[in-house]
Amino acid sequence: MKITIILLGIFLIGLSVNAQTHVFKPLPYAYDALEPYIDAQTMEIHYSKHHQGYYNKFMAAIKGNDFLETASMPEIFTRIDEFPEAVRNNGGGYWNHEFFWEGMTSGGKPLPDGELKNLIVKQYGSFEEFVSVFSKSATSVFGSGWTWLIVNNGGLQIVNTVNQDNPLMNTAVQKGIPLLALDVWEHAYYLKYQNKRGDYIANFLKVVDWQKIDERYRSAQK
Ligand code: MN3
């Protein structure tokens, strides 16, 4: 009996050692869940081709490096300048998209009353004004990149990053804890919106899961 338990213990330890740190998570909803704002075809290509591609290339780029294979993505981002470009570009692409998917939900969810809402109103005057500043920022991204709402030293900031960079990277000009992300690469909207990025941004804002963004804010305060 004792030996069985010991063997089972060794087996479980072996399992946990082998468990992969970096996994490609399923999309948290169906491809058509964000219709009509984000179309099913764009979602399918974006998730199963682009996102999966970043993940696969990231896994290939970190092979054999103990730190990169076991550290969390935020931990890796704090030292991103030490690693090859492939780790930065594909690691960013892998993490940013997962964060982006998780910030949206079918039909969107409004921002609950609470600290984040108060802070938005305090800094931007109103939620509507915040939306307007965020949209202008996303419109102004030249080329491929992302727009973020981040929290930094207790204050909110709207920032843009290029390529697949994010505000957790030690190379970022404006660093902070991301709360909301918007992918403004053309692959995120071109099929449905073509050159009308403004329409894509306005419609993205209809599917934001503000309950999730509020949760992220609250865990950033801990
Ligand atoms: Mn993308």
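**Exercise 1.** Among contacts in the chain between residues at least 6 apart in sequence, what percentage join residues at least 24 apart?

*Solution.* Start with the source. This is a predicted model, where local features need pLDDT of at least 70, side-chain atom pairs count only at pLDDT 80 or more, and totals for chains, interfaces and linings use all residues. Residues are numbered from 1 along each chain as its sequence is written, and side-chain values use heavy atoms, with hydrogens and water left out. Now take contacts (heavy atoms within 4.5 Å). The share is 67%.

**Exercise 2.** Find which residues of helix 6 are buried and where they lie.

*Solution.* Helices are DSSP runs (H or I, at least four residues), strands likewise (E, at least two), numbered from the N terminus. Buried means under 20% relative accessible area and exposed over 50%, with partly exposed in between (1.4 Å probe, protein chains only). Helix 6 spans residues 115-124, and its buried residues are Leu-116, Leu-119, Ile-120 and Tyr-124. Seen down the helix axis, they fall within an arc of 100°, so they line one face. The arc uses directions from the axis to the C-beta atoms. On the other side, Glu-115, Asn-118 and Lys-122 are exposed.

**Exercise 3.** Describe how helix 6 packs on helix 7.

*Solution.* Axes are lines fitted to C-alpha atoms, for helices over the stretch in contact; angles run from 0 to 180 degrees between N-to-C directions. The angle is about 70°, and the axes are 8 Å apart. That makes the two helices roughly perpendicular (65 to 115 degrees). Helix 6 brings Ile-120, Val-121 and Tyr-124; helix 7 brings Phe-127, Glu-129, Phe-130 and Val-133.

Key
Parallel < 35°, antiparallel > 145°, perpendicular 65-115°, else oblique.
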